[in-house]
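Q: Hi! Could you walk me through some ring pairs and helix packing in this one?

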Amino acid sequence: MRRIVVAALAVFMLGLSGIAEAQLSETSRDYYKAWLKTAARAEEAVDNSRASSAAFGKLRSEISEYREIFAVARTKNSERIHTLESQLEALGPKPETGEEPSDIAHLRKILTEQLDVLRVPRIVSEEAYSRANGLITEVDRIIREREAAKLLSRGPSPLNPTYWPDAWTSLERASSGLINETANNLRSDVVRQKIEDQLPMILGLLFAGVVLIFRGRKWSERFGDYLRSFGGAGTGVWSFVVSLTRILLPFIGTMLLVQAVSLAGFLGLRGQLVLQGIPAWAAIFLVFNWIGRQIFLLRRQEELQVLASMRIAELRLLIDLLSTMLILHGLVQLLGTVENISEATRAVIGFPVVCVTALILLRMQRLRSTDAGQDALTGDREKSPQGFSRLIELIRRALYLLGLIAPILAAAGYVHGAEALIYPAVTSLALIAIMIILQRFLVNLYVWISRSGETARDSLFTVLIGFALALLSLPILALLWGARGEVMTELWSKLLEGFQIGGTRISPTIFLTFAALFMFGYTLTRLLQGGLRNSLLPKTSIDPGGQNAIVAGTGYVGIFLAALVAVTGAGLDLSSLAIVAGALSVGIGFGLQTIVSNFVSGIILLVERPISKGDWIDVGGRMGYVRDISVRATRIETFDRTDVIVPNSDLISGSVVNYTRGNTVGRVIVPVGVAYGTDTRLVEKILGEVANSHPMVLANPAPSVVFQGFGADSLDFEIRAILRDVNWVLSVKSDMNHEIAKRFTEVGLEIPFAQRDIWLRNPEALAGGGVPSEKTETTNQVGEPIEMTEADLSVEAPDEH
């Protein structure tokens with residue numbers, strides 16, 4: 001039947017893919033009629049709600065297959081339909097009055113017929129898709145309500161002693177039935193002959209399985225020693241790989257043993273069902289054992305509180321016991337499936353497993369609390385969880401709490417609800433531990449590959465890996481807590497389908513395509529910028545400021561083109577968002593006008609280049625070298641090696657002094673003062689010789705010496721010279737001053753210093769070299785007498801004359 005359905009689906013797709021004379025082919029009509037019958041049957045089942053959950057699940061799967069085909073068919077020939085619509089639009093509207101030219105009318109008719117032929121299958125598929133989607137929603141609602149009612153239903157309490165004998169009898173009957181079936185089969189001649197025929201294969205599988213189970217650990221260690229020869233010893237990477245092989249080899253051995261028993265064929269129905277569950281139970285035990293070992297190693301590597309040897313053994317034993325409880329829970333479920341037992345018997349048999357599991361969780365929580373208390377006593381605050389780790393810790397405690405509530409619910413008769421809490425809590429704790437272990441392994445691998453040491457453990461990579469693992473664990477957690485696989489598939493399909501925003505569909509596929517194309521374009525842009533900056537532009541005669549402008553402009557254009565190509569390649573139609581974007585741009589413009597002004601100013605600076613990278617400028621009293629020009633601001637490095645960020649709008653609208661615009665030639669002025677009575681011509685000659693002898697001073701134009709005038713204390717001269725590099729102005733001043741001092745000393749010229757005459761208002765106070773016996777009193781603004789002190793004789797603010 002399934003092959004017939006698949007073949008019909010293929011024919012249906014072929015019938016919809018081309019332009020046929022009929023709007024639907026015969027095969028497509030038959031397939032659509034089959035769908036209508038299935039839909040009618042599903043609607044009837046939904047209305048009556050009498051079918052079992054298994055029947056509803058099968059019906060849902062059948063409807064889901066129809067829906068997948070309709071989902072593909074409703075988007076078929078989209079490009080052809082768009083082309084025909086564009087052709088009809090090019091013909092213009094049909095005239096309301098008068099006759100249309102025959103050629104145009106004939107072409108319009110042909111295009112309309114072709115468009116109708118393509119539209120009808122799409123319309124039919126769209127209607128069928130919507131109907132199938134609605135039916136699936138109804139079926140999911142019914143199954144979900146039944147599951148909720150089952151979890152919240154109250155049954156017999158397992159604490160009632162009247163149910164205990166029946167439960168014990170059911171266990172004896174199940175175990176004796178398993179033994180009797182196996183014994184009867186072993187006495188069968190057919191089974192014996194089968195064992196004799198398959199004996200070499202059976203013995204080989206048994207031997208290989210036993211060897212892998214008991215020798216797998218040593219082989220794993222040898223394999224780890226071989227891997228460590230490639231490097232990375234001490235990083236923990238190979239230890240993690242070895243730990244995985246310690247799971248894999250015993251699991252393969254278990255599978256071989258199961259296969260050997262299955263080939264022997266001596267098990268009955270009950271034995272076969274138990275045998276089918278052994279691989280899953282073996283995987284649970286091996287994984288939990290691996291978690292216990294890895295958590296201990298993780299704690300030791302991170303130098304956390306190391307437990308005593310007995311407590312370490314207890315912790316690992318508790319983790320192994322949790323896996324045993326999960327296996328026993330699986331056996332209880334299998335017993336309920338195979339044997340016809342009552343709800344009371346089911347509750348009595350499952351209650352001890354729930355209680356023991358809760359006790360194990362309680363003991364593990366107490367061990368964790370003891371560790372936390374010891375950390376608090378030692379004052380180790382850094383070990384307390386923070387941020388995302390704190391969230392994980394809260395979730396872990398909540399799961400422990402749910403596990404402790406389960407026995408109370410089971411004792412009250414809510415056995416299904418208790419099992420739905422405690423066992424998902426255990427598996428969720430295991431999943432969290434696995435995610436932490438995987439994150440640690442990936443971080444160790446990154447540390448080894450990047451060779452960046454322990455600093456890589458606190459890098460952004462660690463956070464991103466943790467976030468990615470958390471996202472990946474969400475679907476698994478949903479399945480652990482009872483979500484059905486088909487529902488998760490439904491959510492995934494809706495996620496892939498995306499959502500609509502103003503006529504534009506956004507989906508993960510479109511987003512990933514956009515991100516991949518943009519990152520590709522962005523990488524190419526950065527590579528091109530690096531090639532221009534390091535290889536091409538340094539070989540040209542363009543100044544550094546121009547090179548920086550070209551590199552920056554290339555970056556802006558490249559990023560814009562990368563975004564444009566990414567939008568186009570991802571199939572995003574942003575035309576429908578133009579009106580909304582235009583309306584938002586008005587409000588955004590007012591709020592971001594300063595940023596926009598700086599951005600435009602940055603573009604102007606890069607295009608006009610009134611200042612360039614490396615220029616010595618003075619803007620608003622801030623003087624320094626231009627180190628970087630970005631789209632928002634310019635970074636200036638002052639002479640004391642501090643960075644000043646200047647908005648670009650200040651450089652465009654304000655007054656800027658550029659000392660090195662175009663070239664580095666500039667003037668230096670060195671003031672010199674000599675005593676009155678000095679030969680001014682001699683001073684002029686000496687200063688001229690000093691200026692001409694300096695290597696940084698240009699000979700053309702020649703330096704000049706100017707006699708500025710008669711100062712208060714000296715005859716003032718100035719050396720005015722043009723330097724080949726104005727950046728050396730301070731060094732040139734210092735050199736000239738040293739040389740001037742040397743030459744003046746040689747010829748005996750005096751460089752005066754300021755002189756002041758002091759006039760005392762009351763000189764009689766100093767008569768006799770002492771202070772008068774009676775204090776001279778004056779009066780301040782409020783008429784109070786004040787004392788004369790030595791500070792009144794200070795020359796800080798003298799009267800000059």
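Q: Are Phe-240 and Trp-290 buried or exposed?
A: Both Phe-240 and Trp-290 are buried, meaning under 20% relative accessible area with a 1.4 Å probe and protein chains only; exposed is over 50% and partly exposed is in between. This is a predicted model, where local features need pLDDT of at least 70, side-chain atom pairs count only at pLDDT 80 or more, and totals for chains, interfaces and linings use all residues. Residues are numbered from 1 along each chain as its sequence is written, and side-chain values use heavy atoms, leaving out hydrogens and water.

Q: Thanks! How many aromatic pairs does the structure hold?
A: The structure holds 11 aromatic pairs. Rings of Phe, Tyr and Trp (its six-membered ring) pair if their centres lie within 6.5 Å; planes under 30 degrees apart are stacked, over 60 edge-to-face and the rest tilted.

Q: And how do Phe-240 and Trp-290 pair?
A: Phe-240 and Trp-290 are edge-to-face, 5.9 Å centre to centre with 65° between the planes. Phe-240 is in helix α9 (residues 237–264) and Trp-290 in helix α10 (residues 269–301), so the pair ties together parts 50 residues apart in sequence. Helices here are DSSP runs (H or I, at least four residues), numbered from the N terminus.

Q: Which residues form a cluster through ring pairs?
A: Tyr-676, Phe-707, Phe-710 and Phe-717 do. Phe-707 is partly exposed at 35% relative accessibility, while Phe-710 is exposed at 65%.

Q: Switching topic, which way does α3 cross α5, left-handed or right-handed?
A: The crossing of α3 and α5 is left-handed, that is, the near helix is turned anticlockwise from the far one by less than a right angle; clockwise would be right-handed.

Technical notes
Helix = DSSP H or I, 4+ residues; strand = E, 2+ residues; numbered from the N terminus.
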